[in-house]
Structures are given as structure tokens and as C-alpha cells.
Amino acid sequence: MSSAPSQPGRRRFLNGAAGAAGGALLLSLGVGFTARQAAALPANALRPPGALAENDFLGACIRCGLCVRDCPYDTLKLADPADQVAAGTPYFEARKVACEMCDNLPCVKACPTGALDHKLTDISKARMGLAVLVDQETCLNFLGLRCDVCYRVCPVIDRAITLQRRHNERSDRHAMLIPTVHSDACTGCGKCEKSCVLEEAAIKVFPIALAKGMLGRHYRKGWEEEEKAGGSLIGDQTQLPARRPEDSPLPRGVLK
Amino acid sequence: MNAPGAVRPASGATGKSMPLQPGHEAIASKGWLGAHKWLIARRLVQFTVLGLFLAGPWAGIWIVKGNLSSSLTLGVLPLTDPFVLLQSLAARHWPAAAALTGVVIVMLFYALVGGRAYCSWVCPVNVVTDSAAWLRRRLGIKTGKVPSSATRWWLLGGLLLASAATGMTVWEFVNPVSMAHRAIIFGGSAAWLVVIAVFGYDLLVANRGWCGHVCPMGACYATLGRASLLRVSAASRSACNDCMDCFVVCPEPQVIRPALKALNGAGPIIQFPECTNCGRCIDVCSKNVFRYAHRFDQRSA
Ligand code: SF4
Ligand code: SF4
Ligand code: SF4
Ligand code: SF4
Ligand code: SF4
């Protein structure tokens, strides 16, 4: 009530306008910057299936929690302002509760805005994140033991995660079976991280942007190009004799 | 009519004794219940809405799911808040059908009953700011500085620009309304700090500061209800005895005078979209000057 109520509305509006405009636009700017600061997603926070790329998601999700409500396994939760995730947005932490990869995608169907993309109808196409075996020093399989738990619990077993045989240099007699994740099939459900038997999981699921590297755009893999072309692109190569140390057990001669 | 020392916004009284509360005349003539009828009705509606949202998580009775930003009632009725969806649009996301249907329903409803009926009949923060205003009156607090009530309009525009610039629904990072509601329905602790801040702001810094001057969501709803059918009318304005009680309780006191005093030949209908249709003026008037009416009802006595 800083202005006399008898003043006509329009003039009062114009009088207050400059100050109000300045204050409000400054506040908007502040809120904008706060939002940008608060928008960083920590490495252990995963978005529900079908979530748009993080930037688009923060423009699309209106933080209603309908996805959270329809998740039958209470996997999803809305971020509290005290959490590291943008307040009110849905996420899950694999080590706490993983996504059960429901066939009928109740979370996606519940989303009124399409922040969870309704085009996703097959849960195996979801990319909530990507599993990475981050610690080769503690993973029991890397120690030469047989744990295999992450491999066995994977809903996309043998495609998202496989066991690759490798020689055990330590014992020099045994094999190691290395859990190996394949990004073309891993949905990022988090089951492997959740189930890892270590105190702190050796396999972790990260948001894709964190987990994936990217080749230089110009990069071509010679062997793939060769296969595509049905033969070497640079013609036959001169075969040079292999040079080996005198005591090498390998045969001498031409290397293929 | 009034004892000296009663709180009067226009005269700037500085009574040291316990100020007489507005509405004591109405209580004397209509009884306590009669003088709080619409206030009680509003609180009932506000808490019923809250109760419907809470029945799911607390008792497993899923009538309404979601929160005030977007909800689904009985599995069929989607409702979406216009301001949050506007931010989303500004951020260049075209929402899916459910959110669009929901926002159309909400807009039609409030275009009819007055946009800011949302503020006084639904919004949980209204309970907080009403309490702060009541306590401020009670304690005779006069400190602080009130921002221009145009701030909210600029903020409304500024935040949409900021949403467009960042591609994010920026107000939702700090919005006390959605934060409070989410904290009640989905749990969460830190959100309460924002609510306490709003309470403190209204109590110590600015009388009716938040809802009356700052909140861009209230401004958005006001815009929606610009031509609403349901309005309050100072129908019996000739009976007004200038006790000023309506001005004291009204969250937007500037809206009353033209209709009440027939300024520039104004009709009795309170036309300002800022009026929240809360009905406190109806309650608090011992002369029964005000009543709910429709916007074309120009009858007055
Ligand atoms: S797919 Fe199922 S378990 Fe996973 S987040 Fe969605 S509803 Fe929850
Ligand atoms: S249902 Fe969609 S809009 Fe609502 S919180 Fe989940 S992702 Fe966000
Ligand atoms: S996150 Fe782990 S369990 Fe889930 S699909 Fe990927 S490898 Fe399998
Ligand atoms: S002005 Fe804002 S905070 Fe106040 S009642 Fe309206 S929507 Fe709620
Ligand atoms: S004029 Fe009356 S109904 Fe409108 S906001 Fe003020 S007290 Fe409430």
C-alpha cells in the first residue's frame, strides 16, 4: 500500500513501473542463473526411461511426479531441494533401487508432458545410463575369482553385459572372466550396480554423457571399411619378414 | 465507530495499545461464524484439495495423483498449471496431449470463476501469507518496504524470457508454491525453508508482499481471470459506514475503492483481475455491503 489507492490504476502502474521492472528483471536474471547452476546432474543420478536429453528434459518436465506415482517398484523419486538434482525432478540412484524395466512402461505412459518420450515403447531401447566397470582393482572377476553377479542379474544378459575370457597373468594358469558392457544393448537399468557384492560397487551406471567417449568425427576403422568395401582400400601390401629375438618360441617367416 | 488505535492503513494510525481487529463490528452483528463464513469455506476447500492429494500417499486411496503442477484425477481428468506450462513452452518444449488438455480445462475453469480464485481457494501458500498478514496486523508490525505491485507482472514476463534463454522452466527451481505442495505430497524437507522465507517476508518486510506484489503465478492466474464471470459486488455500497475493515483484510486493497465509492461512475462490480474472489470483504463488513455476483450484475443500492 505504498501508493494512494485513489490514484488511477494506469498512472500508478507507470509510476511503479521503472522500479518494478528493474527489480523483477534482475530477479529473473538471478533465477535464471540459479537454475543453470542447479541444473547439473550428479554422476549417480539417473533419469527415468525415455527421458529427453538432460537440457531438453529440464525444459519439458514440470515436476508433477506422475511418473513416480506409477512406478510399481518405487524406483523413482522427486528430488528434494537439498538433493544435488534439480529440485522436484524425477530420478533414481541405481545403488539404492534399480529400474525393473517394466514391459508396459508405466512411468513413460504417466508423463503428461512427454518429458519421458512417448515414442519409447520398448523398454530394451531405453538408455537411462550406461554401466561401466569402473574399478578393475576390486572387481572380483578382475581378481581372477568367479563372482559374475553383475552379469547374472542383467535383464539383458549376454547382450548388454558379457564375460570376456582373458589370461590370468598372476596365476599364469587360470582364466579371468571380465564383465564387459556393450552400449548398444545396456539400458542403464542399474541392476548390475545395485547387485555388485562389494562394499562399494565396482560396476556403476552413469548418465550416458558421462559414460561414453566419442571418436574423432573423421575417424574410420580400417577393418570396418575393408569389410564394407569387400577388400582393402589401399591394395595389397608388401609382406615383410617378421623379425623376432633369437630365443622366441614363435616360428620365423612371413606374418599374416 | 471504531476505537482509537485501530489499525488503519490509509490514516497510518500509530496506536500503542493492542489494535482492535478488523471485523469486530461484523462479529458483533453477524456472530463469529457469520463473520468468517467465506474464510471457513475457503479453508475447507484448500484442505480438501490437499486431502485429496494426500489420500493416495497416506491411505492408498488414489483419487488424485501428482501435484498442483499437473495431476490426474480418477485416472481420467488431467489438470495442469498454466504458468509452469508457459515456462515449458517458452523453453521450446511442445507438451504432450495430457498436459495440453489439462491446461485448457484449468484455463476455462478459472476464466469463469476468477483466475485468482486459485490463490484464495486452492494455493497452499495462501494459508501461509494470510497467516503472516494476520500476525503482522495482530502485532502491529509496520517495518519494511513494499515493492511495487507491478513487480509480479514484470517477473512474469522476465521469467518467461529467462526460460526461453536457458531452455529450462526456471521458476520451478525456486517457486514456493510448487515447492511447498511437493513437500507436502511427496515429502522433502528443504522446501520448507522457502515457505518460511515467504512467511518471514510477509510478516517483517512487506505487508501482503508475496501474493500481492511478487508471485508471478498469481499474476498469471489474474491474467486468466481478466474477464471472469464470478466477481464480488459492492452491491449495497450506500450502506458503507467507512469503517475501512474491508480495506484492512483485503489482500489486494486497491481493488475495492472504485466499486465501493463509485469512482468515476464505476459500477458496484469489483472489476480488477487482482481481486482473489476470497470473500473476506463480504465476511468482514457489518453492513453487508458486499456479495458474490456475476460481472454483468450492475444492480446496486
Ligand atoms: S520401467 Fe518400471 S521400474 Fe523402471 S522406472 Fe519405469 S515404472 Fe519404474
Ligand atoms: S511425469 Fe513427466 S513431467 Fe511429471 S515429473 Fe515425471 S518426467 Fe516430469
Ligand atoms: S545397467 Fe547393468 S544390469 Fe542394466 S542393462 Fe546395463 S549392464 Fe545390464
Ligand atoms: S499469489 Fe502466488 S503464492 Fe499467493 S496465493 Fe496466488 S499463486 Fe499462491
Ligand atoms: S475485494 Fe474482497 S474478494 Fe476481492 S480480494 Fe479483496 S477481500 Fe477478497
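The structure they belong to here is a predicted model.

Start with the second largest pocket, where about 520 Å³ of space lies. Its lining consists of 24 residues, and those nearest the centre of the pocket are B:V49, B:L68, B:L79, B:Y110 and B:V122. Several elements of chain B each supply at least two lining residues: the helices α2 (37-59), α4 (97-113) and α5 (117-121), and the strands β1 (64-67), β2 (70-73) and β3 (77-80). Helix α4(B) gives the most to this lining, with five residues.

How far can chain B be trusted? Its pLDDT averages 90, and 93% of its residues score at least 70. In chain B, confidence is lowest in helix α1 (residues 24-34), with a mean of 89, and highest in helix α3 (residues 82-90), at 97. Residues 1-18 of chain B need separate mention, as pLDDT stays under 50 over this stretch. The model has 29 contacts beyond four places in sequence for these residues. Where pLDDT is low, the predicted coordinates should not be read in detail. For the model, the scores are ipTM 0.88 and pTM 0.86.

Now turn to chain A and its ligands. Around ligand 2 there are 14 residues, and A:C61, A:C64, A:G65, A:C67 and A:C111 come nearest. The shell around ligand 2 holds 11 nonpolar residues, two polar and one charged. Around ligand 3 there are 13 residues, of which A:C154, A:C186, A:C189, A:G190 and A:C192 come nearest. The shell around ligand 3 divides into nine nonpolar residues, three polar and one charged. In both counts, Cys is classed as nonpolar and Gly as polar.

A:A38 lies in helix α1 (residues 9-38) of chain A. Is A:A38 buried, partly exposed or exposed? A:A38 counts as partly exposed because its relative accessibility is 29%, and that class runs between the limits of 20% and 50%. Leaving aside residues up to four places away in sequence, A:A38 touches A:Q84, A:A86 and B:F173. A:V85 is 47 residues from A:A38 along the chain, yet their C-alpha atoms are separated by 7.2 Å.

Key. Residues numbered from 1 in each chain as written. Chains lettered and ligands numbered in written order. Predicted model: local features only at pLDDT ≥ 70, side-chain atom pairs only at ≥ 80, totals over all residues. Heavy atoms only, no water. pLDDT = per-residue confidence, 0-100. Helix = DSSP H or I, 4+ residues; strand = E, 2+ residues; numbered from the N terminus. Contact = heavy atoms within 4.5 Å. Buried < 20%, exposed > 50% of the residue type's maximum accessible area, 1.4 Å probe, protein only. Near = heavy atom within 4 Å. 1 Å grid on protein atoms, 1.4 Å probe; cavity = no way out; pocket = protein on both sides within 12 Å on 5 of 7 lines; lining within 4 Å. Points joined across faces, edges and corners; volume = space filled by probe spheres on them.
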